[in-house]
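Thanks for coming, everyone. Please have a look at the model on the screen, and then I'll walk you through it.

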Amino acid sequence: MLMLCSYLENRRSYLLYFERLCIMKTYIARPSEVNRKWLLIDAENLVLGRLSVILANYVRGKHKPCFTPSTDCGDNVVVINADKVVLTGKKTDGKIHYWHTGYPGGIKEETYGEILKGKRPQKAIQLAVKRMVPKGPLGREQLKKLHIYNGEDHPHTAQKPELIDISVMNKKNKRDDK
């Protein structure tokens with residue numbers, strides 16, 4: 001009986017010691033600890049899909065070491081020259097954006113070529129990034145930090161955004177007209 005009690009005590013102390021060793025210390029960023037920067041990206045002659053992946057990562061904050069999926073860690077991103085973004089292949093005519101008005105028979109469609117030549121060419125980038133962020137309140141909050149403008153001018157010069165050249169990251173990011 002005495003041996004059984006000492007065995008159980010030793011086992012319990014061993015298990016407590018082992019639990020202390022195995023506890024993982026995962027860092028979870030709090031919203032008050034996140035440092036947000038302003039970034040400026042020129043979208044002239046950039047491929048839409050590659051640009052939108054990079055934008056989604058910056059808006060979500062996946063480029064930071066303190067990234068936490070349940071916290072908004074992203075930076076504010078300003079995109080200029082959105083009307084000069086490029087699609088590869090035959091996507092300008094073949095890729096179609098569908099939406100529904102909510103009324104019976106109210107399905108609408110528009111090709112990406114029509115979107116880029118229409119009134120709001122920044123809609124193409126907005127749609128691509130919107131589908132890459134999480135759905136729900138967190139994703140909507142992250143999308144508010146994405147500011148897209150058609151020309152060179154933007155109203156965020158007071159924030160002094162840092163210019164990021166995406167065409168240097170990979171040669172496939174930029175498409176030169178031949």
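**A walk through the model**

Let's start in a loop: Asn81 sits between β2 (76-80) and α3 (91-94). One thing to keep in mind from here on: this is a predicted model.

Is Asn81 buried or exposed? Asn81 is buried, because its relative accessible area is 1% and the cut-off for buried is under 20%. Now look at the backbone. Asn81 is not a glycine, yet its phi is positive, at about 60°. In general, most residues other than glycine have a negative phi.

There is another case to look at. Lys160 also is not a glycine, and its phi is positive, about 50°. Where is Lys160? Lys160 is in the loop between β5 and β6. Lys160 counts as exposed, because its relative accessibility is 69% and the cut-off is over 50%.

Glu152 is partly exposed, with a relative accessible area of 48%. Glu152 belongs to a surface patch of negative charge, together with Glu44, Asp83 and Asp153.

What about positive charge? Arg175 lies in the segment after β6. Its relative accessible area is 37%, so Arg175 is partly exposed.

Next, strand β1, which covers residues 38-42 and holds Trp38. Which residues does Trp38 touch? Leaving out residues up to four places away in sequence, the partners of Trp38 are Asn76, Val78, His147, His156, Gln159, Pro161 and Glu162. Here is a distance to go with that. Trp38 and Lys145 are 107 residues apart in sequence, and their C-alpha atoms are 9.3 Å apart in space.

Now step back to the whole chain. Take contacts between residues at least 6 apart in sequence: 67% of these join residues at least 24 apart. How many helices and strands are there? The protein has six helices and six strands. Along the sequence, their order is α-β-α-β-α-β-β-α-α-α-β-β.

Last, burial and surface. The protein has 178 residues, and 37% of them count as buried. The accessible surface is about 12300 Å², with 55% of that belonging to carbon and sulfur atoms.

That's the tour. Thank you.

Notes: Residues numbered from 1 in each chain as written. Predicted model: local features only at pLDDT ≥ 70, side-chain atom pairs only at ≥ 80, totals over all residues. Heavy atoms only, no water. Helix = DSSP H or I, 4+ residues; strand = E, 2+ residues; numbered from the N terminus. Buried < 20%, exposed > 50% of the residue type's maximum accessible area, 1.4 Å probe, protein only. Contact = heavy atoms within 4.5 Å. Areas by Shrake-Rupley, 256 points an atom, 1.4 Å probe, with all protein chains shown as cover. Patch = residues over 30% accessible without salt bridge, like charges linked within 9 Å, V, L, I, M, F, W, Y side chains within 5 Å. Salt bridge = Lys/Arg side-chain N within 4 Å of Asp/Glu carboxyl O. Lys, Arg positive; Asp, Glu negative; His and termini not counted. Charge placed at Lys NZ, Arg CZ, Asp CG, Glu CD.
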